Amino acid sequence: MMAPGWLTARPIAHRGLHDPAAGVVENTRSSCAAAIAAGYAIEVDLERSADGEAMVFHDDTLDRLTEATGPLAALSARELQAVRFRATGDAMLRFCDLLALVAGRVPLIVELKSRFDGDLRLAVRAAEVAAGYAGPLAMMSFDPDLVAALRRLAPDVVRGITAERHYDDAEWTGLTRWQKQRLGNLLHLPSSRAQFVAFGIRDLPSAATWLARHGLGLPLLTWTVRTNADRARARRWADQIIFEGLRP
């Protein structure tokens with residue numbers, strides 16, 4: 001299955017159309033509702049709760065955005081739904097709540113977070129929840145193992161790989177040098193069978209993305225576009241932007 005045209009038809013709001021100054025926090029009902037109202041596609045993140053539910057949240061820990069502290073994975077879905085985002089009226093969404101909210105009105109691109117430890121349970125749960133969804137939906141991950149799992153678990157859902165070139169941020173210290181080379185150069189594509197690529201804007205252009213886009217015909221999204229200079233680079237080297245902090 002080739003990636004459908006809707007994947008690149010609209011700019012994609014990174015973690016929803018959030019604006020902290022206006023009390024609209026990323027990955028919340030409010031940010032997703034704002035993106036829907038503006039006609040943008042939506043990108044969100046999924047983490048796994050202690051009892052195996054797929055929750056809409058980016059970080060491993062709750063400290064940065066919510067009134068709670070500690071690892072998200074230590075709490076059940078019910079407990080996480082009671083956690084409030086600071087300075088807002090929003091509570092954390094389950095993936096099923098998000099699908100009910102979006103209801104096919106705009107495309108939804110979901111990133112599955114991974115610790116690169118071989119744990120596929122988030123992919124399993126996300127595939128289960130998505131099974132009855134009829135709207136435009138894509139799933140992606142930095143982890144090729146999760147992408148490959150999605151091919152088996154949810155073959156009708158568009159799947160992609162999220163990547164960057166160098167993996168030099170602190171969050172990637174657990175990866176080996178070979179893992180970073182494999183990921184940054186998209187060397188896993190024969191096994192992951194990703195149907196699109198979402199690549200960091202600061203690392204464009206790259207030989208790997210040029211080959212994926214022009215040699216393999218894979219659509220190329222780019223993140224996170226925040227400036228007009230980013231937009232100009234994206235127009236030259238990518239098919240669509242994942243953006244925040246501006247209105248395309």
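Contact here means that heavy atoms lie within 4.5 Å. The model is predicted: local features need pLDDT of at least 70, side-chain atom pairs count only at pLDDT 80 or more, and totals for chains, interfaces and linings use all residues. Residues are numbered from 1 along each chain as its sequence is written, and side-chain values use heavy atoms, with hydrogens and water left out.

**View 1. The whole protein.** The protein has 10 helices and 9 strands. These are DSSP runs numbered from the N terminus: helices are H or I with at least four residues, strands are E with at least two. The C-alpha trace spans about 45 × 40 × 35 Å along its principal axes. A compact globule of 248 residues would have a radius of gyration near 18 Å, and the protein agrees with its 17 Å. That radius is taken over C-alpha atoms, and the globule rule is 2.2 Å times the number of residues to the power 0.38. Buried residues make up 53% of the 248. Buried means under 20% relative accessible area, exposed means over 50%, and partly exposed is in between (1.4 Å probe, protein chains only). Of the contacts with a separation of 6 or more, 59% are between residues 24 or more positions apart.

View 2. A91 sits in the loop between helix 3 (77-81) and helix 4 (95-102). A91 counts as buried because its relative accessibility is 18%. Leaving aside neighbours within four places in sequence, A91 is in contact with Q81, V83, R84 and F85. A9 is 82 residues from A91 in sequence and 30 Å from it in space, C-alpha to C-alpha. D90 is found in the loop between helix 3 and helix 4. Leaving aside neighbours within four places, D90 contacts T28, R29, S30, V83, R84 and F85. D90 is buried yet has no salt bridge; R29, the nearest side chain of opposite charge, is 5.5 Å away. A salt bridge is a side-chain nitrogen of Lys or Arg within 4 Å of a carboxyl oxygen of Asp or Glu. For charge, Lys and Arg count as positive and Asp and Glu as negative, while His and the chain ends are not counted.

**View 3. D230 in helix 10.** D230 is found in helix 10, residues 228-237. D230 is buried and has no salt bridge; its nearest side chain of opposite charge is R233, 6.0 Å away. Leaving aside neighbours within four places in sequence, D230 is in contact with I201, T224 and V225.

View 4. Most residues other than glycine have a negative phi, and most peptide bonds are trans. A cis peptide bond joins L204 and P205, with omega about 0 degrees. P205 is in the loop between strand 7 (196-200) and helix 9 (207-215). The bond from W223 to T224 is cis too, with omega near -25 degrees. T224 is placed in strand 8, residues 220-225. N27 is not a glycine, yet its phi is positive, near 60 degrees. N27 is buried, with a relative accessible area of 1%. L186, also not a glycine, has a positive phi of about 55 degrees. L186 is buried as well, at 5%.

**View 5. I241 in strand 9.** I241 belongs to strand 9, residues 240-243. I241 is buried, with a relative accessible area of 9%. Not counting residues up to four places away in sequence, I241 touches P11, I12, T222, V225, A234 and P248. H14 is 227 residues from I241 along the chain, yet their C-alpha atoms are separated by 9.2 Å.

**View 6. Salt bridges.** The structure holds 16 salt bridges. One of them pairs E53 with R125, the closest N and O atoms being 2.9 Å apart. E53 lies in the loop between strand 2 (41-48) and strand 3 (54-56) and R125 in helix 5 (residues 121-130), so the pair ties together parts 72 residues apart in sequence. E53 is buried at 12% relative accessible area, whereas R125 is partly exposed at 24%. R64 and D59 also meet in a salt bridge (2.7 Å, N to O). E111 forms a salt bridge with K113, their closest N and O atoms being 3.0 Å apart. E111 counts as buried at 5% relative accessibility, and K113 counts as buried at 16%. Salt bridges that share partners join R15, E26, D45, D59 and R64 into one network.
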